[in-house]
Amino acid sequence: MKILASYNIKGGVGKTAAAVNMAYLAAQQGWRTLVWDLDPQGAASFYFRIKPKVKSGVKGLIKNNHALSDIIKGTDFEDLDLIPADFSYRNMDLMLDEKKNPAGHLRKLLKPLAADYDYVFLDCPPSISLVSESVFNAADVLLVPVIPTVLSVRTLEQLLKFQGKHDLGDVRVMAFFSMVDRRKNLHKTIVDNPPFNDNLFIKTEIPYASDIEQMGIHRAPLPSYTANSRSAQAYSAMWDEVSTAIK
Amino acid sequence: MNDKSTVPTRHQDCYLLPSGFSLDLLAPILEKQFHCSLEPVGKYRKVFYDTFDWRLYRQGMVLTSLQEGTKQKLSLENLSDGQVKAVAPLAGSGQTLPGLDVMPSALRNAIAPVIAMRALLPVVELCGDLQKLMLRNKHDKLVMRLVVEQDSVVKDLDGQSHVLPGRIILQPVRGFPTAPAQVRRVLENQPGLEPCRLSLLDMALQITGRHACDYSSKMKLKIDPESESDQAVKKILQHLLSAMETNEPGMLENLDSEFLHDYRVAVRRIRSILSQMKTAIPENEFSFFKAEFAWLGEVTTPARDLDVYLLEFENLQLHLQPDMRDALLPFRDFIQAQLQQAYTDLNKAIHSVRYKKLKQRLTKFINSKIRQQVVAPDAKKTIHSQSDKRIWRCYSRVVREAERLTPVSPADDYHELRKSCKKLRYLLEFFQYLYPEKEIAQLIQQLKLLQDNLGEFQDMDVQSIALRHYAKMMAEQGINNADTFMVMGILANGMEQKKIELKNAFGKCYEKFSRKKYQQLFARLFKPKAKHA
């Protein structure tokens, strides 16, 4: 079971779209796939038409050690399941803080699912907190969407610094440019000259496109209703690139 | 191996459909409780894979290649409940199964230890029409899928087609537990619908006239204890000839090394039953079969010896220091080239007139009536009396030979005992159903432990000689890699060392076999005087 976390300190950069679309593509290939909507805003749950509600909330999960398998919901797509968000996830930090090993707790919760799923996508809330630290410890890969702007690149730098300071296990950071508008000079310059080392950014970029925004109207992953659109093709190329890299 | 072939096989919510059934008719009934949407009819194709001796099935697993439209994947499932254990998408619509080495690790790790050296082969293939009815709740969330497979055809291994009844399968969506019960209630009120009692694989096999686990290399043959020895021997020969013929195609194609192995076991068993029961067989037939089956043993030996080297190659490497292991690779290349030639020679032998005549004469002998042949002295005696006599004699011989052995005895003495043990084992297996099952199993188990020690000693002895022989052949062929010869020498020396260890361990193995309770059991079951006392 490979765990991929779609993560950025910053909000509104395309984390949920990346997690939902790539999870869909993995499931379409036949892999048993799970999305865990960790964001109390519940956008991924909304996209999959699943109520953002978990029995006993975050307290049941973190404090009372309820099994994740009991709260999994099937989506409308074969081989694709979801652990819904819950508004109480906003208190996840506090709950984790009470645990002996808060940073290792999400990994511990996910471990029993190893025989049931090939890929798990974590759709993370925007922040850098104890939840993030636990995500970093659980994940094999951090997928970090970066809008090619100064502020967004700066958040990536903050993340890398955080990673440098903390022991985050073997998590591999794979950044990608998101919401790219090549008509903008700044976007073009940054995408063509990616910051940091050569291997940090994957090749595929996700364009700024209205059809991605329309996922909220369709309440479904983009490739499920417009597989041939430029954006859907971009997610498909990104999934190919990521899945090949982590094979 | 834990045999799971008797587990309950209703593993899915599934119903057999009456002819003329259509989802179009069912949808309006379900509309009262769900929003229904019917998907267009598509095509499906499923191929079930297993090893020739059903290793996955016996472990309660089933491997299927499933194709729906352009999507194709391999799925390993529990036979009992259909739970998926591992999957692997297949690119394109390839018809062949990818090798284990390129399968995703989860699937490979689940399959490899179970099948070991055996190849995965298609067992049965199904194809037909597939349609799905999607059931949604009031929030427009999918809560259940109904899948109908109709107009399905099962293709057996000979390419013959058989019609499979239509099925409707309930696929619940996780986390929505009420829908399945609602749907079941509706379906159970539909006329003509019948719950499936068999798994799809079992159903498909049944339609083709087969059943799972229809091959095992184990000798399981029931013989009437009061039958004449002539008839009993012929029954055993028929069983063994059939085992040879069953393995012949796979052996000739070298699908995996076990075909040749099982074929050779059948040949050895034939040689054994012939020599053990020769007083029940006309002399002219015995002489002919003895010579011809010895020939068959000989012509199949080179390929088997080379197979063993390839199977053991990774183990051989592990006996070397890590930095020396690659030096053994030229030896593997050499073995592979030799193996190809050995299988070519084997093919020639199996397609020869001599082999054809051997099988024809054996078949004729098996089918002959006792009055048509010269009657052998013990042919009309009951098989039970003969089996007692033969097993007791053979056991006594094993004891005699084993008692004489010491750690300094020559290798030939160990080989002789190994052969005697093998003869005893075959006799116990041929006639196991004439005796109490548990007691025979106990004796076979103890004998097996002794055989393991002697077998390993034999392997070490033969292989250390063969390694030197192969090194010479390689040098003659211009393969002059000093490192390779050096590591082959290291391995040969290691084998000599292992032989000493095995000789020293023999005493303990024999001690267990010769415990008083087993001696008494052998005497009670087989010693003619003891039985009549």
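Predicted model: local features only at pLDDT ≥ 70, side-chain atom pairs only at ≥ 80, totals over all residues.
**Strand E1 of chain A and its partners**
- Strand E1 of chain A covers residues 2-6, and it's mostly covered, with 4 of its 5 residues buried.
- E1(A) runs parallel to E5(A), and 5 bridges join the two strands.
- If you want to find that pairing in the structure, look for A:Lys2, whose bridge partner in E5(A) is A:Tyr119.
- E1(A) also pairs with strand E6 of chain A, residues 141-146, again in the parallel sense and over 3 bridges.

**A closer look at A:Ile128**
- You'll find A:Ile128 in the loop that links strand E5 (119-123) to helix H6 (130-138) in chain A.
- Is A:Ile128 buried, exposed or partly exposed? It counts as partly exposed because 15 other C-beta atoms lie within 10 Å, while a buried residue would need 20 or more.
- Setting aside neighbours within four places in sequence, A:Ile128 is in contact with A:Ile9 and A:Phe162.
- A:Lys10 sits 118 residues away from A:Ile128 along the chain, yet their C-alpha atoms are separated by 9.1 Å.

**Chain B as a whole**
- Chain B has 533 residues, and buried ones make up 31% of them.
- Its secondary structure comes to 16 helices and 11 strands.
- Picture a box of roughly 85 × 65 × 50 Å, taken along the principal axes: that's what the C-alpha atoms of chain B fill.
- Among contacts in chain B with a separation of 6 or more, 71% come from residues 24 or more positions apart.

**Two helices crossing in chain B**
- Helix H6 (residues 229-252) and helix H10 (residues 353-367) of chain B have axes that come within 9 Å and cross at roughly 145°.
- The crossing of H6(B) past H10(B) is left-handed.
- On the H6(B) side, the contact is made by B:Lys234, B:Leu237, B:Gln238 and B:Leu241, and on the H10(B) side by B:Leu362, B:Thr363 and B:Ile366.
- By type, the residues of this contact between H6(B) and H10(B) are 4 nonpolar, 2 polar and 1 charged.

**Where the chains meet**
- Chain A puts 12 residues in contact with 14 residues of chain B.
- On the chain A side, those residues split into 3 nonpolar, 3 polar and 6 charged.

Definitions and conventions: Residues numbered from 1 in each chain as written. Chains lettered and ligands numbered in written order. Buried ≥ 20, exposed ≤ 12 C-beta atoms within 10 Å, placed from the backbone. Contact = placed C-beta atoms within 7 Å. Axes fitted to C-alpha atoms, helices over the stretch in contact; angles between N-to-C directions. Left-handed = near helix turned anticlockwise from the far one by under 90°. Nonpolar A, V, L, I, M, F, W, Y, C, P; charged D, E, K, R; others polar. Pairing = 2+ DSSP bridges.
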